[in-house]
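Hello,

Here is the structure I said I would pass on. My notes on it follow below.

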Amino acid sequence: MTRDPRYDILFEPIKIGPVTAPNRFYQVPHCNGMGRMFPDSMIDMRGMKAEGGWGIITTEQCDFHPTGDVQPFTETSMWDDGDVPYLSEMVNAVHEHGSLAGIELVHNGQGTGCLYSRETPIGPEHRPVSLHNHPIQARAMGLSDIRDYRRWHRKAALRARKAGFDIVVVYAGHDGTVPSHFLTRENNQRVDEYGGSLENRLRLFRELIEDTKESVGDTMAVVVRFAVDEMMGKDGLEWAGEGKEAVEMIAELPDMWDVNVSDWENDSMTSRFAPEGYQEDYIAFVKQVTSKPVSTVGRYTSPDTMVSAIRRGLVDLIGAARPSIADPFLPNKIKEGRPEDIRECIGCNICAAWNNLSAPSRCTQNPTMGEEWRKGWHPEKIAAKESESHILVVGAGPAGLEAAHSLGKRGYQVTLAEARSEPGGRITRESRLPGLAEWARVRDYRLGQIQGMTNVEMYLESEMTAEQILEFGADHVALATGAIWRSDGVGRANRFPVPGAGALTPDDIMDGKRPATPGSVVTVYDDDHYYMGSVVAELLAIEGYQVTLATSGSQIASWTEYTLEQGHIEARMVSAGVEILPRQQLSAMGEGWHELTNNLTGEANKRDGSVVSITARLPRDELFDALKGKIPVRRIGDCFGPSIIAAAVYEGHRYAREFDTKIDPDGVPFNRTRYQLQHG
Ligand code: ADP
Ligand code: SF4
């Protein structure tokens with residue numbers, strides 16, 4: 001296939017100081033929950049992106065001193081020469097495909113409690129550390145501490161060169177590093193030459209860039225990663241104020257500017273809260289004040305948007321973390337003239353959540369993320385079929401669609417039967433809820449791929465009974481029939497059904513059912529703690545109901561802390577006029593009334609209004625009971641174990657990968673990093 005010449009610009013080499021990137025695709029530093037704890041996985045994950053065409057691949061944050069220890073997070077670290085080998089392996093994996101390898105040197109300063117190293121954290125001031133509200137304080141750095149700090153940073157840059165890196169990223173962003181803490185007035189009220197004026201507050205960052213240029217700048221590019229706006233008004237840096245002035249003061253110092261907004265919650269916004277390219281307004285000034293190449297992020301997945309950002313003079317490189325996770329081969333797909341094959345990130349932040357839980361990141365769109373080494377899964381290649389089996393997949397939700405797609409890719413004959421008139425299962429239904437439209441990409445990517453496969457047929461409006469499935473005569477059946485929300489209130493808080501009539505559920509809401517009287521009082525009872533409670537509350541509020549969002553937790557949507565959304569969700573509920581009631585348990589319900597009990601005081605409160613209950617789901621697995629023993633049948637996705645969408649996609653993919661192979665049920669189904677004991 002030939003590439004649209006409009007996209008040629010994306011493949012121009014870019015000179016960055018003493019090195020040249022082969023194209024404009026820059027995989028910015030991103031956490032991935034692998035790092036130093038699961039280095040084998042991290043190395044192959046990075047190498048895969050180089051294979052997929054990203055011109056620059058950087059590490060996640062790399063701590064360079066024990067006083068910046070980020071336990072419990074599993075980032076890379078390089079505290080001494082003993083850490084060089086695994087980082088060199090990553091560099092080799094990247095170089096193998098002709099890409100440049102970058103390392104982001106980070107010290108989290110007052111952000112972290114140094115739980116593993118037990119060192120005393122450091123920062124510009126005596127301040128309690130921010131992460132996890134630990135009862136630990138960072139101590140104010142004296143001038144000799146600053147000298148030590150600069151020396152550690154310089155040594156780290158030299159070590160990075162020893163490891164073979166081409167680029168070193170000096171980082172003041174996300175309110176997460178020592179130079180960023182020095183930079184902001186809220187964190188730095190010092191009265192010495194490192195505090196007070198912007199010039200003074202910027203001094204440490206300037207010195208670090210100068211030190212790095214001086215120590216390795218002859219052979220390595222020095223990139224700065226910088227937040228131009230802290231999104232906190234006058235209390236922080238603003239792009240139109242000190243953010244811009246700071247860039248102007250050191251505009252020509254680095255070899256490249258990688259700019260964004262702060263903190264991480266604002267930088268990595270989900271699609272529910274920000275569209276593609278949402279940082280452009282903030283960073284637009286940067287190219288006007290520097291002659292050096294500029295990059296930003298903004299969940300760019302469309303080559304047209306990328307080209308437009310370059311042509312409009314906003315950036316020279318397209319920075320990406322999540323789009324590179326969802327599709328490590330995004331650049332190559334554009335290069336080869338098949339952008340329609342891009343698996344576009346949906347902006348759900350499940351990748352971030354797993355990292356925040358100190359587990360290897362997974363991705364809703366890309367089931368092979370994190371499995372490149374563990375399972376040897378390649379995002380674009382899959383083994384050819386090993387038999388002439390014909391497989392019937394029942395249910396075209398994320399699990400069924402992914403199974404059909406990947407089985408089809410292997411060459412098997414696949415029939416996909418879906419009861420509804422449209423494919424996509426929960427994806428189609430949920431993507432119509434407020435803010436979740438981009439989630440439909442999970443369906444659309446797979447439908448697009450299946451469309452070109454003559455060996456995969458899909459039938460809609462085909463609700464299958466056990467008899468029909470047996471009659472159909474497939475060799476194997478995959479049941480991907482999903483799950484349904486419970487209406488009896490059973491979940492985490494209520495272990496027994498709540499007395500009274502059943503509540504409305506998210507399934508009812510998505511089917512168009514509503515409380516009897518338009519505009520009436522409705523309580524959305526959320527014992528699920530993820531997104532569903534707040535999107536249903538938002539929908540009903542938009543439709544004019546008087547909505548209360550009651551939760552058994554101490555705050556609403558508590559799990560969305562991991563997806564970086566909790567604060568955004570709470571703010572949206574407030575602006576939508578939704579009343580928030582924490583620490584409530586649904587204790588009784590009837591027609592037009594319900595009772596909530598405070599789970600601290602035990603006080604029961606009978607209230608008027610209907611209730612939508614969001615607690616737990618039950619698998620739709622009746623077909624399995626009717627078929628097992630009669631035909632080879634397996635349940636996949638929510639039909640087997642209700643979970644997040646990423647899990648359904650993964651299970652569908654796994655089914656296809658494992659088809660016709662023998663799996664030892666007693667074995668560990670993936671490779672594990674083994675640690676070498678040092679004692680004895
Ligand atoms: P998952 O997340 O596991 O993919 P979903 O709930 O999204 O699950 O999708 C399940 C799909 O299966 C839905 O689209 C549903 O309409 C379909 N389905 C359920 N039962 C049957 C059946 N008996 N025959 C065909 N399709 C079915
Ligand atoms: Fe994008 Fe979601 Fe995948 Fe992260 S998990 S890369 S946000 S699709």
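**Domains and cavities**

The rule finds 4 salt bridges across the interface of domain 2 and domain 3. Please keep in mind that this is a predicted model. In one salt bridge, the side chains of R429 and D511 meet at 2.7 Å, N to O.

The domain assignment divides the protein chain into domain 1 (5–314 + 330–342), domain 2 (390–482 + 620–658) and domain 3 (486–617). Taken over C-alpha atoms, the centres of domain 2 and domain 3 are 30 Å apart. Contact between these two domains involves 13 residues of domain 2 and 11 residues of domain 3.

The size of an interface is often given as the accessible area lost when the parts come together. For domain 2 and domain 3, about 1,100 Å² is buried between them, with 63% of it on carbon and sulfur atoms. On the domain 2 side, R429, L433 and P434 supply 52% of the area buried against domain 3, more than any other three residues.

Next, the cavities. The structure has 6 cavities of 30 Å³ or more, and the volume of the largest cavity is about 100 Å³. Its lining is made up of 18 residues, of which R343, P379, H405, S406 and H653 are the closest to its centre. Helix 14 (398–410), helix 16 (441–451) and helix 22 (645–658) are the elements that each give two or more residues to this lining. Helix 14 gives the most, with 4 residues.

What kinds of residues make up the lining of the largest cavity? They divide into 7 charged, 7 polar and 4 nonpolar.

Regards

Key
Residues are numbered from 1 along each chain as its sequence is written. Chains are lettered from A and ligands numbered from 1 in the order in which they are written. This is a predicted model: local features need pLDDT of at least 70, side-chain atom pairs count only at pLDDT 80 or more; totals for chains, interfaces and linings use all residues. Side-chain values use heavy atoms; hydrogens and water are left out. On a 1 Å grid over the protein atoms alone, a cavity is a set of points where a 1.4 Å probe fits but cannot get out, and a pocket is an open set with protein on both sides within 12 Å along at least five of seven lines; lining residues have an atom within 4 Å of a point. Grid points are joined across faces, edges and corners, and a volume is the space filled by probe spheres set on the points. Ala, Val, Leu, Ile, Met, Phe, Trp, Tyr, Cys and Pro count as nonpolar, Asp, Glu, Lys and Arg as charged, and the others, Gly among them, as polar. Domain bounds come from an automatic or database domain assignment. Contact means heavy atoms within 4.5 Å. Buried area is the accessible area (1.4 Å probe) that two parts lose on being put together, summed over both.
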